[in-house]
Amino acid sequence: MLVQDRQNPKPHQIPLANTFPESNPFDFSNWVSLNLFKIATIFFLTLTIASFFFLQGAPDSAAFLCFNSRPKPPDLFHLPNINFDSVHPIVDKSSTYASFSSDRWIVVSVSSYPSDSLRKLPKTRGWQVLAVGNSRTPSDWSLKGVIFLSLEQQSSLGFRVVDFLPYDSYARKTVGYLFAIQHGAKMIFDADDRGEVIDGDLGKHFDLKLSNVDTLQERILQFDFENPNKTVVNPYIHFGQRSVWPRGLPLENVGDVVYEEHYSQVFGGLQFIQQGISNGLPDVDSVFYFTRKTRSEALNIRFDEHAPKVALPHGVMVPLNSFNTLFHTSALWALMLPASVSTMASDILRGYWAQRLLWEVGGFVVVYPPTMFRHDDIEGYPFSEEKDLHVNVGRLVKFLTSWRSNKATFFEKALELSHSMEEEGFWKDNDVKLSVAWLQDLVSVGYIQPRLKGFEMNKQRRGRRSNVGVGVGVDNGRSFVPQKLPGFHLGVEESETVNFEIGKLVRWRKKFGNVVMILFVENGGVVDRTAMKWRLLYGRIFKTVVVVAEHGRADLGVEEASLEFIYKYLPTVFERFPNAEGFLFLQDNTILNYWNLLQADKDKLWITYKVPQSWSRVSDDSVWFGKQASWVKKVVNTMPVDFQVNYKESNPTGRDLVICNCEVFYVPRQFVGDFKDLVALVGNYKIDYRVAVPMFFMAMDLPLNFDDVFGRMVYKKTPAEQLISNDTNLYAAEVPAVHPWRVSNEVEFAELMRLMAAGDPLLKELV
């Protein structure tokens with residue numbers, strides 16, 4: 001659909017009088033002879049240009065490569081240097097509402113005729129409703145009391161962002177935000193067309209007057225976490241629903257249902273972004289929706305309306321949506337919706353981007369008890385619409401909490417972050433260009449960029465006074481125990497394929513969602529190409545994936561440790577996750593088919609003790625063997641009695657060494673203390689991990705008590721230097737693990753995903 005049809009008018013031609021004398025008859029042959037060189041030059045130049053464009057556009061690129069053997073570098077988008085002081089204003093002179101102004105706006109996106117909920121929205125006292133259309137919106141859309149912007153009207157407003165927004169995109173709400181700001185908006189409530197404001201009064205639920213004396217003196221509860229590594233929170237737990245999680249929460253955090261009882265407090269006035277909770281159908285992802293909803297009943301989830309609002313300290317984030325969120329004037333810059341990601345990821349990525357920048361101006365996010373009721377009356381979004389969330393959001397949170405900028409102005413920082421997110425693959429260069437246009441448009445409609453305020457990435461702690469840029473700290477904390485309202489667990493109807501597969505994913509998460517995976521990646525120059533891929537694969541299932549390599553990469557979150565003594569590094573990981581149920585170690589030369597581990601006992605030790613190629617008894621006269629045997633004997637002699645009894649019963653001769661290649665093993669929580677004690681006994685002895693780990697296992701428990709889950713794994717003994725390519729016939733989806741397997745680039749990773757999709761079909765979404 002064309003919304004801009006601009007034609008250049010033909011210039012007015014004025015006839016000129018012939019003031020020159022009549023020329024002599026033209027002699028063609030004489031002219032050719034005089035200009036032969038020029039004709040030849042023009043001919044060959046024209047032929048060269050024509051050949052270049054023809055070969056470049058030819059379907060067979062080989063022909064073009066004959067002329068251009070050097071590869072063409074990719075087009076890289078470089079941030080322009082923008083002088084925002086010289087941006088020209090944009091004034092609404094053409095629309096019907098050119099003279100209209102309001103300081104409070106509600107903005108919705110519409111693709112169909114007004115719903116019953118939307119018809120009630122204009123009755124919200126003191127607010128002007130603005131509906132933004134797209135290519136699917138009926139051309140005769142109209143609702144009394146609502147300003148409607150069609151595609152044609154949007155294109156006539158002169159905003160730069162229009163050039164970067166698809167016609168059918170939900171992100172066209174961005175035009176509506178600019179229109180509202182242009183017409184006097186001091187606060188914007190971002191809503192959708194199936195939500196109803198409870199009691200029809202936003203002022204009853206949100207803080208509208210931040211400069212009010214009562215607001216400035218109000219003490220707001222603020223999350224105060226004991227775990228300094230906690231960077232994202234599920235706010236639904238605070239409001240009584242521990243079994244529900246919001247869209248945009250990393251799946252690895254779904255299993256974290258521990259609630260806070262002690263909170264710090266901050267003074268109000270800086271809650272520039274206010275996120276409301278919705279009763280009925282809250283903002284949940286497709287994993288929750290398709291596994292909790294039954295075919296016959298609509299979801300009707302209720303939250304604790306009496307729970308106090310709660311603030312997020314700097315360094316901790318929460319998913320923000322475009323369904324029920326209030327933005328004050330100091331955060332109107334945060335409204336831009338990215339257009340290069342899937343529909344259900346757009347507002348979530350915007351929210352995380354905005355929260356990181358909000359810290360730069362001293363603001364913070366507050367989550368409020370139920371403010372709207374949303375009806376579950378349309379078909380749920382498919383899992384594919386959220387793939388950008390489940391693939392990237394956990395990594396995005398870690399990236400944002402570690403991101404720093406030295407730029408001098410706020411808008412410069414915003415552009416730098418947008419560009420950094422494009423470089424990290426969270427969105428595409430179109431959204432960087434959109435960010436440039438958005439900030440220029442903001443200035444054009446009269447918005448003044450906020451001033452920077454210094455902050456420290458520290459969270460307020462219990463019982464301590466702190467003012468780290470998140471409001472003003474209050475001396476005394478406060479206790480609050482969230483209610484535990486009736487939960488919502490797996491629905492019984494899973495007949496449809498998608499529901500069934502998502503149901504399986506949830507069961508795997510329920511099994512391993514509180515288990516930490518420690519993945520050792522062989523360097524070989526491929527850590528930068530594989531570390532993120534492994535997190536992408538296993539991070540969907542486990543609580544988190546700690547990636548370790550011989551040479552760490554802080555920029556990739558890859559920790560440094562030697563494989564030879566990896567057991568000495570494991571206690572540091574154990575201490576980092578005190579609430580984890582267990583820890584699973586895996587080398588990247590082995591593929592874990594997690595769907596075949598559901599029957600394994602998480603309270604027992606797992607190791608490859610029934611795989612003879614991996615676990616064996618060795619006795620020889622080599623120097624290496626002699627040293628290892630001597631150190632083992634010394635350690636065993638210093639073991640407490642229970643360890644010694646177990647070890648000697650497991651290895652009665654005492655002359656052999658048990659060697660295990662340790663491709664994969666699992667330590668449950670109840671054995672973590674024993675493992676750490678045994679590491680301490682080793683001390684400075686340089687016992688190889690292939691000797692130390694089986695020694696630890698046999699000291700902690702008898703092999704007959706191990707879970708033999710890995711006994712059926714596929715194992716082919718192939719030296720690493722001979723593993724040039726993978727044998728696809730080796731892989732089997734019916735076994736718990738496969739060894740060996742090599743992944744060193746994206747092509748090999750994609751091939752692995754296609755094979756593993758036989759056990760986890762949702763992996764097809766990642767290829």
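Student: Which residue stands opposite isoleucine 591 in S22?
Tutor: Isoleucine 591 faces valine 738 there. Keep in mind that this is a predicted model, where local features need pLDDT of at least 70, side-chain atom pairs count only at pLDDT 80 or more, and totals for chains, interfaces and linings use all residues. Residues are numbered from 1 along each chain as its sequence is written, and side-chain values use heavy atoms, with hydrogens and water left out.

Student: How do you know that S17 and S22 are paired?
Tutor: Two strands pair if DSSP finds at least two bridges between them. S17 and strand S22 (residues 737-739) are joined by two bridges, so they qualify, and they run antiparallel. Strands themselves are DSSP runs (E, at least two residues), while helices are H or I runs of at least four, both numbered from the N terminus.

Student: What makes strand S17 and strand S21 stand at the edges?
Tutor: The open sheet has the order S17-S22-S21, with mixed pairing. Strand S17 (591-592) and strand S21 (714-715) each have a single partner strand, so one side of each lacks a neighbour in the sheet.

Student: Why is strand S8 called largely enclosed?
Tutor: Buried means under 20% relative accessible area (exposed is over 50%, partly exposed in between; 1.4 Å probe, protein chains only). Eight of the eight residues of S8 (273-280) are buried, so the rest of the structure largely encloses this strand. S8 also has eight bridges to strand S11 (residues 365-374), running parallel, and three to strand S10 (residues 324-328), running antiparallel. Glutamine 275 stands opposite valine 367 in S11 and opposite threonine 325 in S10.

Student: Why is the pair of tyrosine 567 and phenylalanine 696 called edge-to-face?
Tutor: Rings of Phe, Tyr and Trp (its six-membered ring) pair if their centres lie within 6.5 Å; planes under 30 degrees apart count as stacked, over 60 as edge-to-face and the rest as tilted. Here it's 5.6 Å centre to centre and 85° between the planes, so both tests are passed. The partners sit 129 residues apart, tyrosine 567 in helix H16 (residues 566-576) and phenylalanine 696 in helix H20 (residues 689-700). Both tyrosine 567 and phenylalanine 696 are buried.

Student: How do you know that lysine 568 sits over the ring of phenylalanine 565?
Tutor: The rule wants NZ of Lys or CZ of Arg within 6 Å of the ring centre and within 35 degrees of the ring normal. The charged end of lysine 568 is 5.2 Å from the centre of that phenylalanine 565 ring, and it is listed as sitting over the ring.
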